[in-house]
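Dear colleague,

Please find the structure below, with its sequence. My notes on the contents follow it.

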Amino acid sequence: MQTHKYDVVIVGAGGAGMRAALESSTRTRTAVLTKLYPTRSHTGAAQGGMCAALANVEEDNWEWHTFDTVKGGDYLVDQDAAEIMCREAIDAVIDLEKMGLPFNRTPEGKIDQRRFGGHTRNHGEAAVRRSCFAADRTGHMILQTLYQNCVKQGVEFYNEFYVLDLLMNTGPDGVEHTAGVVAYELATGELHVFQAKSVVFATGGTGKVFKTTSNAHTLTGDGMGVAFRRGIPLEDMEFFQFHPTGLAGLGILLSEAARGEGGILRNADGERFMERYAPTIKDLAPRDIVARSMANEVREGRGAGPNKDYVLLDLTHLEPAHIDAKLPDITEFARTYLGVEPYTEPVPVYPTAHYAMGGVPTNVETEVLRNNTDIVPGLFAAGEVACVSVHGSNRLGTNSLLDINVFGRRAGIAAAEYAANAPFVDLPANPAALVEGMVETIRTRDSGERVADLRRALQETMDRNVQVFRTEASMKEALGVIDELKERYAAVVVQDKGKRYNTDLLEAVELGFLIELAEVITLGALARKESRGGHFREDYEARDDVNFMRHTMAYRAPVTDVEQGPKFADEVRLDYKPVTVTRYQPMERKY
Amino acid sequence: MTATAEKTDQTGGQDSPKAGVVPSFTVTLKISRFDPETDSEQHWETYEVTAHATDRVLDALHQIKWDQDGSLSFRRSCAHGVCGSDAMRINGKNRLACKTLIKDVNPDKPITVEPIKGLPVEKDLIVDMEPFFDAYREVMPFLITEGNEPTRERIQSQADRDRFDDTTKCILCAACTTSCPVFWNDGQYFGPAAIVNAHRFIFDSRDDGGTQRLEILNDKEGVWRCRTTFNCTDACPRGIEVTKAIQEVKRALLTSRF
C-alpha cells in the first residue's frame, strides 16, 4: 500500500473534474484520480450543445434561461442554484472559447447558437436559439479542450485509479472531516491511500442501473455509492431522465439537436404526434414529456416497425448538406448501427436511460451536505454525481454541459480555498481496511454468483418496472428482485484471480454500487406518490405540490470497517428537504 | 450472444427492430492472450459465440468475458465509437471493437483480435498508452495566444473554423499511430495522432503557437519520418484524413505558411 498527500484530490476526470482541476491546480497541490483515461470520460459523448444566453443570434437573457430551467425541472429546482448556473453560463461558454474550443460560428464570426428542448424566449413564448455548439460533438470538444488545458497547466493525473472509499475522521473541532480517499490501481491491483484536505467528487452518473441506456459501461454510480456507504445522503435519486431519442434497441444517443435543427418525431401513421402533447413547442418540449409521449404512442399501438415498438425520427426533409454540417456524428451512428440512411429514411428511436438528476447533495458552493443543512468539511461534489439541484425532476437538454462547467469551476475554487485555510485531518487507523476486505473477499472467493447474471437481472427489472411509466406494483416487483440480488451479490465470484488489470473484479465492485443505487432509486420512486418531471406514476398521475414539492433525502447508516467488505444489512431511510424558491411560484407545466 | 439474448428475452417494448428478423449464427473469435503474471509470451485462444450480423465485435468480447472467461481483459467505455478506449487489431486491421459489426468482418472464418501494435502489451488486449500520450503532450496540443484577451469570444469566420475541422474529431484512440509501420520500427517517432493534434492548432486562426509546434515536428523524429503509406487514414475510426493532415504540416514547414 502506498500513501500520498495532496491538498486537493479530485475524483473523476470528465468535464466537472477537469474543470475543477484547472482551477484547483493553479492554486494548490492537486491530484486527479480517474478510473478511465481522462479523454475516455462520458462528457465526450454529449452532443447537442451548452446553453447560455449570449444573445448572439436573437434576443435572450439569463433570467429567461433560469425560468426555463425551473419550469423544465417541474419546480423541484433549487432556484438560487439555477440563477447562479444561468448567470454564470455566459462566462462559462466564453471561458471555453478562450481555452480553444472550436464552436460553430455565425456569419459575423461569433459563437453560433441553436434551439434546444424546453429553452424558450420570454417565459415560454417560442423556442429560442440558446445552445452554443460544435456540430453534434460539443461534449467531445469540451472534454478535449479541458484535457488540452490540463496538459498545458501540467495537471497531475493518476489514470486508471479507481476510488473505492472516502476517508473521514474527527477534526479538532469535534466534527467529521474529509481525510482522503482510497484508490485501487487497475494496472497492479495495489491500494493507494490519498490523504487530502479537500476531496472533490466528480465521478458522473449511474446509467448502467438500466439496460437500455445511452451511458457508457463505466457509468456505474461509484461516487454516489462510495459516499452513500459512508453515511452521506443521496438526494432525489428517483428522478432519472429517459432521453427520447435513443437508437431503438441499442439506446445509443441521438442528440436533441436533431430536433433543434428541424427533425420531427412521427408514429407509424406518419403523424407528427408531438402536436397533440405539446402544441406550442411540439418536438422541442422537454425530454420527460417527449419520452412519455413516445412511450404512450407505442403503448397505444401506434408504434412503428415489425413489433410496433418504436417511433421514427424524421430528418428526410432536411438538406443533406445541412445534416452533414450540423449532425454528422449522429447520422453516422444510424448508418453504422441500424443500417439506416437518415437522408432518405426515418430513424427508429425509443427512450433511453440518460441522466441522474439526483445525487450527492451539495449547496451552491459545491460543499457536500450531510443532512438538510450541515456540510461535510472538505468534501465537494460537482456534475452528474452531485445534486445541487439545478435540474430538479427533469434536466433540460444542454444544462448538463453547463452544470459541469459552472459547478466544476466552483468546486475547484472552493476546494482549493478550503485547503488553503484548513489543516490535514489525521487518517483513520488502518485506512485501507474496508477496501482491502471488499476487494480481496471477492477476488479470492472460489465459487458463487456470476457478475453478468446478477447485472442482467438488475437491468432487466429496472427497465421493465422503473422506467418511463411506474406503478406501486411495478416498483414492488423491482424491489423484490433487488432484495434477492443483494443476497446473491454477497456470494459474487470472479474468474480472474490475478492482480494486473483485473477488470473482472472491477465489474464485480461496480455491480455492488449499481444494486445499492437501484434500491435507492426505486424506494424514492415508490414513496413519491405523485408524477413530476422524469418520475411518472400511473397510479398518481398529477403533480402534488402540497405533499411532494420537496427533495427526497435517502440515508443509510455508514458501514463499519468489517474485513468481509460492506454489508447491505441496513435499511434505507427516507427524509425530505425543502425546495429553495426565489422568484418562480409553481404553476401548471404546459408547452 | 449477450446482446441477442437480451433482445429476444425482452418484452418491455425496447426490442431491437432487428430482433427476430436477423438470424443468429455461431462466430469463432481467435484472441491474443497474455497475462504477465503467468505467461512468458502471448498465445492464442479460441472462443465460440452466438451472434447477430448487426452485433458489434465488442458485444462478442463481452459475451466471452461475461459468460465464458472472466479473465479476458480489454478496455472499453462508451461502446459507440466516441471515447476511444477499445482500439484493437481485428483481422489484422486497427479498428474500434464497438464500431465494427460482425457483418463488417467475414464471420465465416475465425475473427482474430489482437492488441494494437507498437505499444507494450500489459495484459491481453490492453497496451501501455503512456508512450502514445507522451508524444501527444510533446506537440503542445493546446491553444497558444499572444496579446490581450478580448472580453467576449474571439471572432473566427466559419471558413477559418472549417479549416481545421477534420482534425478536431480525433478521440486519441491510437488506431492511426499503431497502424504506422514507421512507428512500429521506431518508437521515437511522434506518430500520426500527435501530428493530427498539432495540425488541429497549427491551422486554427486563433492560435499563435504554430511556429513552436512546427519546430518540434521538424525534428528528426517528426513529420519527415512519415512515408505516406496511408495506413493511418485507413485506420481512423473517425474518418479523419490523417495522411493529408500530415502532408499539410510538411507543406507548412516547407513554405512557412499556415
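How many residues of chain B are in contact with chain A? Before the answer, two remarks on conventions. Residues are numbered from 1 along each chain as its sequence is written, and chains are lettered from A and ligands numbered from 1 in the order in which they are written. This is a predicted model, in which local features need pLDDT of at least 70, side-chain atom pairs count only at pLDDT 80 or more, and totals for chains, interfaces and linings use all residues; side-chain values use heavy atoms, with hydrogens and water left out.

The interface

In answer to the question, 77 residues of chain B are in contact with 72 residues of chain A (contact means heavy atoms within 4.5 Å). The area buried between the two chains is about 6600 Å², and carbon and sulfur atoms give 47% of it; buried area is the accessible area (1.4 Å probe) that two parts lose on being put together, summed over both.

Between chain B and chain A there are 10 salt bridges (a side-chain nitrogen of Lys or Arg within 4 Å of a carboxyl oxygen of Asp or Glu). A:Glu507 forms a salt bridge with B:Arg76, with 3.6 Å between the closest N and O atoms.

Several elements of chain B give two or more residues to the side that touches chain A, among them α1 (2–9), α2 (57–68) and α7 (192–202). Helices (H or I, at least four residues) and strands (E, at least two) are DSSP runs, numbered from the N terminus. The largest share, six residues, comes from α2(B).

Sheets of chain A

Three strands form an open antiparallel sheet in the order β10-β21-β22 of chain A; two strands pair if DSSP finds at least two bridges between them. The edge strands are β10 (234–235) and β22 (573–578) of chain A. Six bridges join β21 (residues 550–555) of chain A to β22(A), and A:Arg550 has A:Pro578 as its bridge partner in β22(A). Helix α15 (residues 503–527) of chain A packs on this sheet, and its direction makes about 65 degrees with that of β22(A). Axes are lines fitted to C-alpha atoms, for helices over the stretch in contact, and angles run from 0 to 180 degrees between N-to-C directions.

A second open sheet, of four strands with antiparallel pairing, has the order β11-β14-β13-β12 in chain A. β11 (240–247) and β12 (264–266) of chain A each have a single partner strand, so one side of each is left without a neighbour in the sheet. Neighbouring strands of this sheet are turned by 45 degrees against each other on average, direction ignored. Three bridges join β12(A) to β13 (residues 311–314) of chain A, where A:Leu312 is the bridge partner of A:Arg266.

Local features

Most residues other than glycine have a negative phi, and most peptide bonds are trans. A cis peptide bond joins A:Val388 and A:Ser389, with omega about -5 degrees. A:Ala55 has a positive phi of about 60 degrees and lies in the loop between β3 (50–51) and α2 (62–72) of chain A.

With kind regards
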